Amino acid sequence: DGESAMQHNIYLFGAPGAGKGTQAQLLSEKLGIPQLSTGDMLRAARKEGSELGNRVAALMDSGQLVPDEVVIELVKQRLARPDHQAGVILDGFPRTIKQAEALDAMFAATGRAPLRVISVEVAFDEIRRRLAGRRWCARCNGTFHVTDNPPRPGNSPGCDVSSCPPAVRPDARPEAIEKRLQAYSQQTAPLMDYY
């Protein structure tokens with residue numbers, strides 16, 4: 001139909017730390033459609049402190065993937081929102097073949113336009129450097145990098161440098177980074193052939 005022909009449904013595919021979130025934000029601003037970041041959704045669930053949030057926190061902190069059923073339900077709820085009807089930029093979902101199949105079924109059931117896939121490819125050594133330098137502020141939810149984007153006045157809403165103490169994200173510890181890259185290689189990389 002005419003409505004789905006106007007939709008921009010984009011999936012940014014790539015390893016953690018490849019820059020999908022940065023590119024998704026730029027595309028969101030340019031196209032005027034929302035960025036659906038499962039990482040942000042999962043971090044919000046974690047912050048709630050609910051039973052689901054605590055389960056999500058334990059998995060994320062150890063570098064493991066959150067179960068498909070949980071992520072699929074979160075995405076389904078988000079795609080049903082009125083502000084997501086003109087299209088969406090998916091960042092961090094799908095991560096498994098099962099999630100991709102569920103997304104295809106959601107799109108078919110709601111008449112959404114087909115998904116366009118953009119692969120963001122970065123060498124694992126560069127990803128390790130990027131992830132190891134990531135910092136975030138629990139107060140303002142700002143994200144930083146120790147060398148590429150250090151905190152400075154005005155680059156974080158709600159905080160200034162003195163009141164915004166960036167901390168190492170639990171998923172940016174070396175052991176968690178290796179688990180994330182391993183999970184990507186085993187569970188997400190096969191999506192390249194799927195798409």
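**Sheets, cores and ring pairs in the predicted model**

In this predicted model, β1 and strand β4 (residues 115–119) run parallel and are joined by five bridges. One of the contacts between them puts L12 across from its bridge partner in β4, I118. β1 also has a partner in β3: five bridges join the two, and here too the strands run parallel. Along that pairing, N9 has V88 as its bridge partner in β3, and I10 stands opposite I89. β3 in turn is joined to strand β2 (residues 35–37) by three bridges, again running parallel, with Q35 standing opposite I89.

Put together, these four strands make an open sheet with the order β2-β3-β1-β4 and parallel pairing. β2 and β4 are the edge strands, each with a single partner, so one side of each has no neighbour in the sheet. On average, and ignoring direction, neighbouring strands are turned by 25 degrees against each other. Helix α2 packs on this sheet and touches β1, β2, β3 and β4, with its direction at about 165 degrees to that of β1.

For β3, five of the five residues are buried, so the strand is largely enclosed by the rest of the structure. In a regular strand, side chains alternate between the two faces of the sheet. In β3, G87, I89 and D91 point one way while V88 and L90 point the other way, and all of them are buried.

The nonpolar residues come next. As a rule, nonpolar side chains in soluble globular proteins tend to be buried together. Here, the largest nonpolar core has 30 residues, and those with the most contacts inside it are L36, L42, V66, V75, L79, L90 and L103. Two or more residues each come from β1 (8–13), α3 (38–48), α4 (51–61), α5 (68–79), β3 (87–91), α6 (97–110), α7 (124–132) and α8 (174–188). The largest share belongs to α5, which gives six residues. L36 shows what such a position looks like: leaving out residues up to four places away in sequence, L36 touches M41, V75, R78, L79, H84, V88, I89, L90 and D91. There is also a second, separate core of five residues, including I10, L12, I33 and I89.

Is G14 buried or exposed? With a relative accessible area of 9%, G14 falls under the 20% cut-off and is therefore buried. Setting aside neighbours within four places in sequence, G14 is in contact with K20, V120 and Y184. The C-alpha atom of G14 is also 7.8 Å from that of A189, although the two residues are 175 places apart along the chain.

Strand β5 (residues 134–136) is joined to β7 by two bridges, and W136 has A167 as its bridge partner in β7.

Finally, the aromatic residues. A pair of aromatic rings is described by the distance of the centres and the angle of the planes. The structure holds five aromatic pairs. One of them is Y11 with F13, an edge-to-face pair at 6.0 Å centre to centre and 70 degrees between the planes; Y11 and F13 are both buried. In another, the rings of Y194 and Y195 have their centres 5.0 Å apart and their planes at 90 degrees, so this pair is edge-to-face as well. Y194 counts as partly exposed at 30% relative accessibility, and Y195 is partly exposed too, with a relative accessible area of 34%. Ring pairs link Y11, F13, F124, Y184, Y194 and Y195 into a cluster. Y184 is also one of the residues in contact with G14. Elsewhere, the charged end of R112 sits over the ring of F107, 5.6 Å from the ring centre.

How values were computed
Residues numbered from 1 in each chain as written. Predicted model: local features only at pLDDT ≥ 70, side-chain atom pairs only at ≥ 80, totals over all residues. Heavy atoms only, no water. Core = buried A, V, L, I, M, F, W, Y, C linked by side-chain atoms within 4.5 Å. Buried < 20%, exposed > 50% of the residue type's maximum accessible area, 1.4 Å probe, protein only. Contact = heavy atoms within 4.5 Å. Pairing = 2+ DSSP bridges. Axes fitted to C-alpha atoms, helices over the stretch in contact; angles between N-to-C directions. Phe/Tyr/Trp six-rings, centres within 6.5 Å; stacked < 30°, edge-to-face > 60°. Lys NZ or Arg CZ within 6 Å of the ring centre and 35° of its normal.
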